[in-house]
Structures are given as structure tokens and as C-alpha cells.
Amino acid sequence: MSTVCILGAGALGSLWAARLSNTHTVKIIPRLNKKSSLSGYDFSLQDAETTTTYHLPYLPLSSLPDGPLSENTRASSPSVILLVFCKSFDTLPALTAIKPYLPHHIPIVLFQNGLGSQVEVGKAFPDHPVYAAVTTEGANRKTPQHIIHAGRGSTWIGPFNKQATMAGAKEACAVLADSGLEVSAEADITLRLWKKLAVNCAINPMTALLNCPNGELPSQPYFTARYTTLCKELVLIMQLTIGYETTSDALKAQIDEVIRKTAQNISSMLQDLRAGRKTEIEDICGYLVKEARQQNIACPTITQLYQDVLALATTGSQ
Ligand code: KPL
């Protein structure tokens, strides 16, 4: 049995916390700015068959030096793992806040959308084994205490910095597979992150701007008019940045499949906008614009999407 610490108990974090709590000790790390007098996090998880309620204990920051993240409990607690589900822009600040309490041997597994936050954490935590995860599990929050497991998917975990290894990725997968969700170790997690980034770049800002579910994109003239150029820009950036060779038709086929499979979904970016929350546009289009600039290439379609979503977020008109 392992101790699984969860940082960022949003919809996805709650899903994993619930599913892992049947076999492991799961503890929720409260955010520094969200001090709670409660002993734990109460919520229910609804999937296709059942709704189950959970009470998972908080790991209070004040007790962290003596808690399961502490070096001195290493012998009695050989297997501690930290899963991070914060939004991309919150990830580095949240991890930095607990860094003094985080012994170097504890693996950090990052579940963020986009790219950028993983790179920042990899640099800021060079002594920790840092892993990145890509997941297609669908979860959303109906109310603050009610999580819906909206669609089953797959999850890949791979080493993201020098301290992380494939053996470590397999160990993490063995723990996470006890959730009953599909998990596999991935040697080239960077490529998987890039492929997901490309999908998110095509779907998330478009649905945010058009205020529509994913499945409506193919019937929206604004989307169809930009789809081919957008894919061509993505293909070129991936080729120059990570040497990945693909065609815009192949990329389109992958994106079309995700649109079909998630047709009823409201993308995470549109959900954020509707709820008045900050979006992950910086780690999706913003990251791609920066990479394109470094490669001295233009990406006008991605740049326009980036600017338009930023403007939307400022005016709050969705
Ligand atoms: O990952 C997603 C998101 O909304 O962030 C997709 C795949 C677009 C599903 O909605």
C-alpha cells in the first residue's frame, strides 16, 4: 500500500483520489491560500453505474514536516507519491509552497494540460524525480462536492527530468493502475504531451470563442475556415521543435477523432471562461507562439486564437 498525496483536488484530482482510496492511503494537500478548518474533503463521485461518497483526510501543511512527506518516515512508508492536478498556471506556485517539506526521493507526477508548466517544474525541481502524465479521462464538477466521471480514457506516465526513470514511471503506473483506470508507462512522454497540446490548441480556443460544445466545431464556418492553416502551423512547429514528422491531414484525422469522441463535452477552456476563471491559454497557444518565435516562423492563426481568447477573458463576455 502506498501513500498517495494529491495537490489540486479539482475534478480530475478528485477522480484519481477517489479511485485510489480503495487500495491506498490518499491524502489531500490543502492549498496554502485555502486554509480549512475541516478535517478532510467530502465529495461524491458519479460514474456510469454508481454514485459513491468519500471523505479523504487533509494533510495539513503545519504537519507536513512530520507527515508522510517527511524524510524521517521514509523507512516506514517506502512508497509515497505526489500527484499534481493544479491548473497549469497554479502548478509551480503550489509546488514551490510545499517544496521545503518535500523530500527529494518522492516522485512528482504532473497532470497539467498544455506544455510549459511541466518545463518550469522540471527546472525548479532538478533534485526530484519529475514525471509527466497525459490523460484522456473526462471528469467535471457538477457542484463543488459532486464530481462526474464523464468519459473513460487512458493515461500515460513518463519520465520528464534526469532524476526520473522508466523504472520509476512503471512503479508510478503500478500504483495508479489500482484505480481501475487504464494506465501505461511511456518512454517518450514529451511527444505525447505535444500531440495532446496540438489537439487542445485546435479544440479549446475555438470552442471558447464560439461558445459551443466540441462536437459543434465541424459545423462552424469560423472553425472550418481556419482548421487547415491551424494544422499546418502545428505540424511545422512540431517538426522544428521536437523533430516530429507528420502531415496536416494526419493531424486533422487525430483531432477529428477527439472531436467525435468528446462531442458532448464543454472544453475545459470554455468551462473556465463561463465560470469566470483564468484559462490555460498561456500553456496552450501561448507556449506554441513562444516556440514558433524561437524557431523564427510565423503562426498567425495560433497567434490570433491566443490574442482573441486573452481578449475574451479580459472582457469576460462568454
Ligand atoms: O482536453 C480537452 C479539454 O477540454 O481540455 C478536450 C480533449 C478538448 C476535451 O474536451
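The model is predicted: local features need pLDDT of at least 70, side-chain atom pairs count only at pLDDT 80 or more, and totals for chains, interfaces and linings use all residues. Residues are numbered from 1 along each chain as its sequence is written, and side-chain values use heavy atoms, without hydrogens and water.

**Exercise 1. Surface and burial**

Step 1. Set the cut-offs. Buried means under 20% relative accessible area, exposed means over 50%, and partly exposed lies in between (1.4 Å probe, protein chains only).

**Exercise 2. Overall form**

Compare the radius of gyration with that of a compact globule.

Step 1. The radius is taken over C-alpha atoms, and the globule rule is 2.2 Å times the number of residues to the power 0.38.

Step 2. For 318 residues a compact globule would have a radius near 20 Å. The chain has 19 Å, which agrees.

Step 3. Along the principal axes, the C-alpha atoms fill roughly 60 × 40 × 35 Å.

**Exercise 3. An enclosed strand and a covered helix**

Work out how β7 and α1 sit in the structure.

Step 1. Helices (H or I, at least four residues) and strands (E, at least two) are DSSP runs, numbered from the N terminus. The chain has 10 helices and 11 strands.

Step 2. Take β7, residues 130-135. Because 6 of its 6 residues are buried, β7 is largely enclosed by the rest of the structure.

Step 3. Sort its side chains. Val130, Ala132 and Val134 point one way, while Tyr131, Ala133 and Thr135 point the other way.

Step 4. Find its partner. Two strands pair if DSSP finds at least two bridges between them. Strand β6 (residues 108-110) pairs with β7 in the parallel sense over 3 bridges. Val109 stands opposite Tyr131.

Step 5. Turn to α1, residues 11-20. This helix is mostly covered, with 10 of its 10 residues buried. Trp16 and Arg19 are among them.
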